[in-house]
Amino acid sequence: MKLYFAPGACSLAPHLALAEAGLPYDLEQVDLRAKKTKSGDDYRAVNPKGSVPAITLDDGQLLTEDAVILQWIADQKPDAKLAPAAGTMERYRLQEWLNWVATELHKGISPFFNPRASDEWKGILRERLAQQFEFLNSRMKKPYLMGAQYTVADSYLYTILRWTGLQKIELDKWPDIPAYMERVQARPASQKVLKEEGLLK
Ligand SMILES: N[C@@H](CCC(=O)N[C@@H](CS)C(=O)NCC(=O)O)C(=O)O
């Protein structure tokens with residue numbers, strides 16, 4: 001399978017999950033502005049949404065959307081326990097977190113990367129994010145989001161929380177969150193993937 005990614009973008013989440021699962025994968029870097037792949041193809045011809053992540057499966061199908069790709073990866077390698085079994089209440093709890101990360105955190109922080117976002121708008125987003133961090137801090141389990149077991153929700157949450165550092169969004173009021181990020185980042189799979197994306201030396 002091939003993962004279309006941009007370094008440090010939300011495609012880092014399935015990249016982390018693939019490494020955690022120990023599945024073989026190919027990578028194709030995408031220039032999101034030019035909508036071109038590194039090998040020069042028109043990315044919109046691959047993924048009409050124009051966004052990463054996207055994954056081409058061995059049967060040629062394309063799968064998009066972080067929360068969906070992550071569960072697909074987890075289901076390829078049940079022994080890695082990256083997601084509870086489908087149909088169980090715990091699986092719905094995982095989906096609850098994935099959807100929250102997607103709709104509240106991912107789309108709550110991504111506007112900071114838009115050069116046209118005004119300071120006023122960013123201020124409003126910061127207030128909303130503070131509420132989300134308060135919630136996360138009160139609900140996240142240790143050492144990982146859902147408890148003892150690392151899941152694909154951690155791949156996604158870490159990926160998005162990483163952007164707080166790039167955008168100078170303070171987490172000082174919620175020290176459990178940076179401590180969590182350090183734990184995830186220290187995992188061997190995370191180190192390997194961060195190096196593959198050129199985000200760590
Ligand atoms: N709904 C998609 C959103 C993915 C997304 O926002 N991707 C960003 C990078 S983090 C992107 O490709 N932005 C460029 C674009 O959409 O043109 C998902 O959840 O996977």
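Just after helix H1, Gly-22 takes a positive phi of about 70 degrees. Helices here are DSSP runs of H or I with at least four residues, strands are E runs of at least two, and both are numbered from the N terminus. This is a predicted model, in which local features need pLDDT of at least 70 and side-chain atom pairs count only at pLDDT 80 or more, while totals for chains, interfaces and linings use all residues. Residues are numbered from 1 along each chain as its sequence is written, and side-chain values use heavy atoms, with hydrogens and water left out.

Let us stay with H1 for a moment. Is this helix mostly enclosed or open? Here, 10 of the 10 residues of H1 are buried, so the helix is largely enclosed by the rest of the structure. Buried means under 20% relative accessible area, exposed means over 50%, and partly exposed lies in between, using a 1.4 Å probe and protein chains only. Among the buried residues of H1 are Leu-12, His-15 and Glu-20. The buried residues of H1 pack against S1, strand S2 (26-31), strand S4 (54-56), H3, H6 and H8. Contact means heavy atoms within 4.5 Å.

Now step back to the whole chain. The protein has 8 helices and 5 strands, and along the sequence they follow the pattern β-α-β-β-α-β-β-α-α-α-α-α-α. With 201 residues, a compact globule would have a radius of gyration near 17 Å, and the protein agrees because its own value is 17 Å. That radius is taken over C-alpha atoms, and the globule rule is 2.2 Å times the number of residues to the power 0.38. Of the 201 residues, 48% count as buried. Looking at contacts with a separation of 6 or more, 64% come from residues 24 or more positions apart.

Let us visit some individual residues. Leaving aside neighbours within four places in sequence, Leu-161 is in contact with Leu-105, Phe-133, Leu-136, Ile-177, Tyr-180 and Met-181. Thr-164 sits in helix H6 and is buried, with a relative accessible area of 3%. Beyond its neighbours within four places in sequence, Thr-164 is in contact with residues including Phe-133 and Met-181.

Met-140 lies in the loop between H5 and H6, yet Met-140 is buried, with a relative accessible area of 11%. Not counting residues up to four places away in sequence, Met-140 touches Leu-145, Ile-177 and Tyr-180.

Is Gln-185 buried, exposed or partly exposed? This residue of helix H7 counts as partly exposed, at 29% relative accessibility. Gln-185 and Thr-159 are 26 residues apart in sequence and 9.7 Å apart in space, C-alpha to C-alpha.
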